[in-house]
Amino acid sequence: MTASVSFTYPAAKMDRIVTLDVLRGFALFGILYAHMIFWYAAGPLPEETYQQYKDIGSGIAIGTYMIFIISKFFALFSFLFGLSFYIQIQGLINRHQPVITRFGWRLAILGFIGLLHHAFWRADILSIYVPLGFLLLFLRNISNRALLIAGVILVLNIPTKIAELISIAVRDQLILIDFDQKNAGAEFYAIVSEGSFIEMIKHNIHAMSDKFVYQINSGRMVITFGFFLLGMLAGRMQWFENIRAYAGQFEQTLKKSAWVAAVAILFGITLGLGAFLLKIDLGKVPLGGWLIGFIVEFFNVSLTLIYITGISLLMLKPKWEIRLTPLAAVGKMALTNYLMQTVIGVFIFFNVGLGLFTKTSPAVNALLCFAIFTAQIFFCRWWLTNFHYGPIEWLWRSATDFKWQPFYKRRLEGSLDRI
């Protein structure tokens, strides 16, 4: 008779680990959905492309994307990055290892992975995370109060909104950096639908500057760093060390976020109704577009916090814990799954693969999203029964430590395992 060997952790620590992995898995689902809806496009497309399908199913899929998905899941992933940053830094401190050199090297490896990923798919987020991660590294010792104030200001995109007001006053233009959307959309459309693998790589490398222009114009870089800071603050406050003990704080944050989201929706409806009655096209009025954008920022942040606190509280309920725990397997292999999703998406839709770009509707793409993510859950659960880490995580960890990490899981056999 053989006995399996397991390692035990305190219940509070295990709850924290599983909940964070579930949140990562949930974030990866949202990221996959956001990209699948419009054929895994990583750049602008001609306006008529987005309006090609007007069936009810596509309307529901796009509506779900617009209300519940867009700008929420990259924020959730960013929050988790900041939280993981704090946990890893504390681990280095506890082991008396040099923080800047060790974590800096870890970030450098991630940056290399991100550059390779960008060359394959230009919407890669790792190449944005890494420079912001280095900035976070040097701000790791600022006070909790400073973290909270800076984090709130940044997640609400206030620096970008101030810059937009200045642009409106000076140039009567909302956009900060001029960008030829029409020509860029036509060029990217041609790459996706007709480009060879080499042409796609060349285009993506050249489009690195376009990505940073988008990050600045939209304020996504600002928002991302803001969620980094809030994630690090949550780590310092130890909210996720024992979620049950801090359930009251989670509930308060959930309720306040729900109220802010409701107020943002009310303001948005009021503004839209007023513009309709006055026959004003807010899209053509810079100040109107600015105001709509500001309302949307409040709604996005609120819904992101609702996701974080809501899922964390649901994980305290046994029935919901059973339902949500399968997401943890995906979250444990977050980097592998993120890159895997790109490979699958590009293969399905781009000319270098099956070439189904615009040939499937957003409704079909949503169904594909659920199918792919379900397959990822089963794959990850199988993988983690046989291996300690996801393949990319294993390579990343091994390169960070300059030695090969344990990979295969083996049952210990011998005299101690026998009766």
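This is a predicted model: local features need pLDDT of at least 70, side-chain atom pairs count only at pLDDT 80 or more; totals for chains, interfaces and linings use all residues.
Which residues of α8 are buried? They are T160, K161, E164, S167 and I168, and, when we look down the axis of α8, these buried residues fall within an arc of 115°, so they line one face of the helix. In general, an α-helix has 3.6 residues a turn, so residues three or four places apart point the same way. On the face of α8 turned away from that buried side, we find the exposed residues A169 and V170.

As for its dimensions, α8 runs over residues 158-171, and its 14 residues reach 19 Å from the first C-alpha to the last, which is close to the 20 Å expected at 1.5 Å a residue. Just after α8 comes D172, which takes a positive phi of about 55°.

Now let us turn to helix α10, residues 197-206, where M200, I201, H203 and N204 are buried. Why do we place these four on the same side of α10? They cover an arc of only 165° around the axis, and therefore they sit on the same side of this helix. The other side of α10 carries I198, K202, I205 and H206, which are exposed.

And what covers the buried residues of α10? The covering elements include α5, residues 99-120, α9, residues 181-194, α11, residues 208-218, and α17, residues 334-349.

Terms used
Residues are numbered from 1 along each chain as its sequence is written. Side-chain values use heavy atoms; hydrogens and water are left out. Buried means under 20% relative accessible area, exposed over 50%, partly exposed in between (1.4 Å probe, protein chains only). Helices (H or I, at least four residues) and strands (E, at least two) are DSSP runs, numbered from the N terminus. The arc is that of the directions from the helix axis to the C-beta atoms. Contact means heavy atoms within 4.5 Å. The expected span of a helix is 1.5 Å times one less than its number of residues.
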